[in-house]
Amino acid sequence: MPYPYHKITEEDMAHLIRTVSRDRVCIGDEIPKEYYHDEMPEYGWHQPDIYIEVLSKEEVSAVMAYAHEHNIPVTARGAGTGLAGGATCKYGGIMLSLMRMNHIENVDTQNLTITAESGALLTDVAEKAAEAGLFYPPDPGERTASIGGTVITNAGGMRAVRYGVTRDYVRCVEAVLPDGSIVEFSSNVAKNTTGYDIKDLIIGSEGTLCIVTKVTLRLIPAPNCTRTLVMTFSSIEPCIETVPKLLQTPYVPTAIEFLERELTDIVDRRLNKPFPVQEGSDFLIVMYDGSSTDEVDTACEMACEIAMDMDAIDVKICDSPERIGSVWSARAAILEGMKADSDAQEECDVVVPRARIADFVKAAQEIGRKYKIRVIVCGHAGDGNIHTEMLRNNLSDEEWKSNTLSCLKELYAKSKELGGQLSGEHGIGNGRLEFLEDFIGSRMYQLYQSVKLAFDDKLILNPGKIIEYK
């Protein structure tokens with residue numbers, strides 16, 4: 001095993017500076033503290049020894065080759081919007097920022113693809129596609145995420161019900177391996193059975209197998225019309241039982257989101273973002289889009305009938321950009337609202353079969369009461385991805401740490417009991433590291449370790465994430 005890693009010396013610093021440029025390097029206390037953590041600082045603050053901004057795959061290759069030779073840990077970082085403590089230097093070493101590698105090539109209208117360097121922002125990629133009359137559907141909510149970051153975490157989001165997740169749109173990946181080799185996984189083709197599908201293995205690997213430098217993404221024709229419905233219910237059971245009925249119609253919703261009243265109240269109170277519907281205790285936000293107004297209107301009419309048959313209190317139809325924006329703005333502000341409402345928070349990001357969502361939500365609330373933790377539940381009801389938010393009440397530091405750990409163990413056990421998985425979209429990173437082996441079993445964990453070693457025999461790339469070696 002390569003532990004302990006080589007401690008970076010003055011000689012190493014000088015070599016790395018020569019490899020890039022001094023104005024793109026920060027050392028020690030020069031490194032801004034924002035690079036010590038991601039959007040969930042609860043999952044760890046870790047200071048790099050050196051921070052390097054790269055401009056090309058050749059620079060990435062040169063840095064990795066040197067790190068591999070000298071046994072120095074390296075963590076690649078995009079915009080830092082992750083929610084699992086993944087893009088942090090757990091063992092110090094080199095933080096490699098890809099944010100200056102942000103060139104977006106022109107849209108290929110013949111192959112319906114777009115190619116972008118890893119540091120390009122998701123919002124810019126989507127806008128570039130839209131300028132060509134095309135559509136890049138993955139929308140994890142954080143539009144300022146880097147496109148490479150969304151690929152390496154297989155970002156999902158609210159549109160996954162109809163359009164799928166990032167993996168469904170990646171045609172090929174250019175990457176640098178831990179030894180500095182520059183490789184391409186697949187190519188700009190619609191299908192490929194040439195050997196092992198390593199491309200799909202890379203997607204979602206959280207920067208532990210390679211550093212993604214450029215991606216080619218599939219695009220689709222842009223929808224011409226969109227509507228958002230807000231369905232209000234007096235309890236969770238009819239609310240969740242409405243979801244499979246909506247999915248059984250000929251019109252697949254683009255998104256189906258579940259919210260509790262307590263969350264909308266927090267967002268209103270803390271961030272002054274009022275939810276446009278005040279009655280009811282549980283909500284479904286349902287989006288439809290399509291190629292024609294008639295198609296979308298028919299889908300909405302059918303959805304309204306289903307909701308009312310399921311004893312919904314009411315259904316509000318939002319058909320203007322302002323009304324649609326007010327709904328989704330409140331939904332997008334949930335994490336920010338909870339951070340403002342509590343001095344500590346934890347999240348459980350499980351995914352369960354859609355038919356078992358109500359079972360999990362009720363169990364989560366009961367588990368929260370058991371450990372004196374305020375539990376609020378929301379999520380992507382259309383694909384069963386439930387975000388169980390745990391907010392600190394009047395607990396001491398020791399009680400909060402102990403109770404959240406116990407709470408998480410029971411929540412993950414419940415997910416497994418219901419046929420679910422440990423994480424639906426946020427990944428394992430550092431935040432869920434301690435729970436993975438128990439959830440998937442020791443043999444599967446050994447397979448994960450073998451995959452890591454096949455790519456990274458010295459364990460230098462984003463070490464201590466997803467798996468560990470004991």
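Analyst: **A helix and its surroundings**

The model is predicted, so local features need pLDDT of at least 70 and side-chain atom pairs count only at pLDDT 80 or more, while totals for chains, interfaces and linings use all residues. Residues are numbered from 1 along each chain as its sequence is written, and side-chain values use heavy atoms, with hydrogens and water left out.

Helix α3 covers residues 122–131; helices (H or I, at least four residues) and strands (E, at least two) are DSSP runs, numbered from the N terminus. Its buried residues are Leu122, Thr123, Val125, Ala126 and Ala129, where buried means under 20% relative accessible area, exposed over 50%, and partly exposed in between (1.4 Å probe, protein chains only). Seen down the axis of α3, these residues fall within an arc of 160 degrees, so they line one face of the helix. The arc is taken over the directions from the helix axis to the C-beta atoms.

That buried set packs against β5 (113–117), β6 (134–135), α4 (147–152) and β9 (211–218). Within α4 sits Thr150, which counts as buried because its relative accessibility is 4%. Apart from neighbours within four places in sequence, Thr150 is in contact (heavy atoms within 4.5 Å) with Leu122, Ala145, Ala155 and Thr166.

For comparison, helix α14 (residues 433–440) has Leu433, Phe435, Leu436 and Phe439 as its buried residues. Down the axis of α14 they fall within an arc of 145 degrees, so here too the buried residues line one face. Glu434 and Asp438, on the other side of α14, are exposed. The buried residues of α14 pack against α13 (397–417) and α15 (442–455). Gly441 follows α14 and has a positive phi, near 95 degrees.
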